[in-house]
Amino acid sequence: MIKRLFRHSLPILALSVVPMAIAAIPAQAAPVPGSSVHFYSSCGDIRRHLVKAPDGDYLLYNSGNLFTVYCDDMSSNMPREYIDLVKTGYGANFSQYTAGGASPGTNVRTTFSKLRINPASLTVDIGDLTFARSNGWLTHSGSVKVTSMPYGVAMSCTAPQAAKGTGNIDLRYTPFQVNNGFTVGGSNAKGSAAVTQDKQVVALNGGGYCGWIAPSHTPQLFNPFNPKPGMYDLKLSCASGSVYTAPGQICYRVDSLNGLTARPAQGNAVDVLFHGSPIATTNRSGQVQAPAALSSAWAPL
């Protein structure tokens, strides 16, 4: 069997009530009404039903949301879901601890290309650095070496009420937007978060002696540097308004499976539609062959 690989390779459709990351019992696949196509809720759910599914972009249905993710480490028993960021580079999607004052050294900047997400809540694990790179190092308050920062955080320790730390969230060309506020923390702290572009861009400034600004979805963080996975602090939602998305990315709020339909296609394939518009063409197992609205990729299965 020969497969042709593309940048948006082999997405798979999906549904459940609970996410793989926190479910004690595997989620059950649910069929599209009137068809044999099934939807899965997480990359782990896909892995349980389709054990040879590769890493790549997939379409999930979870908690009323129909959306695309990148499934990483699908050969393991604990694959993870990520959002592909389109705006990358030095000035986009970064968090910085600005050096100076009581924290000498060089600016510590961590830049992200993908974000780890809980598929049930669309909450970002800001501490997951799997698809991030960091530069610089400093000594926090003269005692702790800092080499990396979590997503959506700006920090400094230069002087009281001095917000010298910077950060940026840029979800443009993705189908997601920010859905929570930001909180200033630390000693003599000051900060601001300017939310623009249909809640897809956030410019962050934070600092103090020492101080920071960070997402406020969960209880306030303390000294948010050198992060570890498990910091689900930034809530997202499907974007609304005049939002442009890159090929291969969608996010719809779907109250039930009733808006999803299927029809026979050529050979052993099935066209999947959302309110009459094609989303993907799949085989009977749910693997996407011609992802219509997702991209122009095609692969014989």
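Biologist: Why does D73 count as partly exposed?

Modeller: The model is a predicted one, and the relative accessibility of D73 comes to 28%. Buried means under 20% and exposed means over 50%, with partly exposed in between. The value of 28% lies between these limits, so D73 counts as partly exposed.

Biologist: What makes R80 and D73 a salt bridge?

Modeller: The closest N and O atoms of R80 and D73 are 3.9 Å apart. The rule asks for a side-chain nitrogen of Lys or Arg within 4 Å of a carboxyl oxygen of Asp or Glu. The distance of 3.9 Å is within 4 Å, therefore the pair is called a salt bridge. R80 also meets D72 in a salt bridge, at 2.8 Å from N to O.

Biologist: How do you know whether D72 and R80 are buried or partly exposed?

Modeller: D72 has a relative accessible area of 11%, which is under 20%, so D72 is buried. R80 has a value of 24%, which lies between 20% and 50%, so R80 is partly exposed.

Biologist: How many salt bridges does the rule give, and what is known of the one between D45 and R48?

Modeller: The count comes to 6 salt bridges. One of them joins the side chains of D45 and R48, at 3.8 Å from N to O. Both residues lie in helix 1, which covers residues 43-49, and they are 3 residues apart, about one turn of the helix. D45 has a relative accessibility of 0%, which is under 20%, so D45 is buried. R48 has 37%, which falls between 20% and 50%, so R48 is partly exposed.

Biologist: Let us turn to the aromatic rings. Why is the pair of Y70 and F131 called edge-to-face?

Modeller: The structure holds 5 aromatic pairs. A pair of rings is described by the distance of the centres and the angle of the planes. For Y70 and F131, the centres are 6.1 Å apart, which is within 6.5 Å, so the rings pair. Their planes stand at 85 degrees, which is over 60, so the pair is edge-to-face.

Biologist: Which parts of the chain does this pair tie together?

Modeller: Y70 lies in strand 4 (residues 65-72), and F131 lies in the loop between strand 9 and strand 10, so the pair ties together parts that are 61 residues apart in sequence. Ring pairs link Y70, Y82 and F131 into a cluster.

Biologist: Why does Y70 count as buried?

Modeller: The relative accessibility of Y70 is 19%, which is under 20%, so Y70 counts as buried.

Biologist: What makes F112 and Y151 an edge-to-face pair?

Modeller: Their ring centres are 5.0 Å apart, which is within 6.5 Å, and their planes stand at 80 degrees, which is over 60, so the pair is edge-to-face. F112 lies in strand 7 and Y151 in the loop between strand 12 and strand 13, so the pair ties together parts that are 39 residues apart in sequence. F112 is buried, with a relative accessible area of 2%, and Y151 is buried, at 0%.

Biologist: What makes R109 a charge over the face of Y90?

Modeller: R109 lies at 3.8 Å from the ring centre of Y90, and the distance limit is 6 Å. R109 is listed as lying over the face of that ring.

Biologist: How do you know that the side chain of S156 reaches the backbone of A162 and K164?

Modeller: S156, which is found in strand 13, reaches the backbone oxygen of A162 at 3.2 Å and the backbone nitrogen of K164 at 3.3 Å. The limit for a polar contact is 3.5 Å, and both distances are within that limit. S156 is buried, at 0% relative accessible area. Among the residues that S156 touches are Y97, T98, G206 and C210.

Biologist: What can be said of the chain as a whole?

Modeller: The chain has 1 helix and 25 strands, and 53% of its 301 residues count as buried.

Key: Residues numbered from 1 in each chain as written. Predicted model: local features only at pLDDT ≥ 70, side-chain atom pairs only at ≥ 80, totals over all residues. Heavy atoms only, no water. Helix = DSSP H or I, 4+ residues; strand = E, 2+ residues; numbered from the N terminus. Buried < 20%, exposed > 50% of the residue type's maximum accessible area, 1.4 Å probe, protein only. Phe/Tyr/Trp six-rings, centres within 6.5 Å; stacked < 30°, edge-to-face > 60°. Lys NZ or Arg CZ within 6 Å of the ring centre and 35° of its normal. Polar contact = N/O pair within 3.5 Å; in protein donor to acceptor, adjacent residues only side chain to side chain. Contact = heavy atoms within 4.5 Å. Lists of a residue's contacts leave out its neighbours within four places in sequence.
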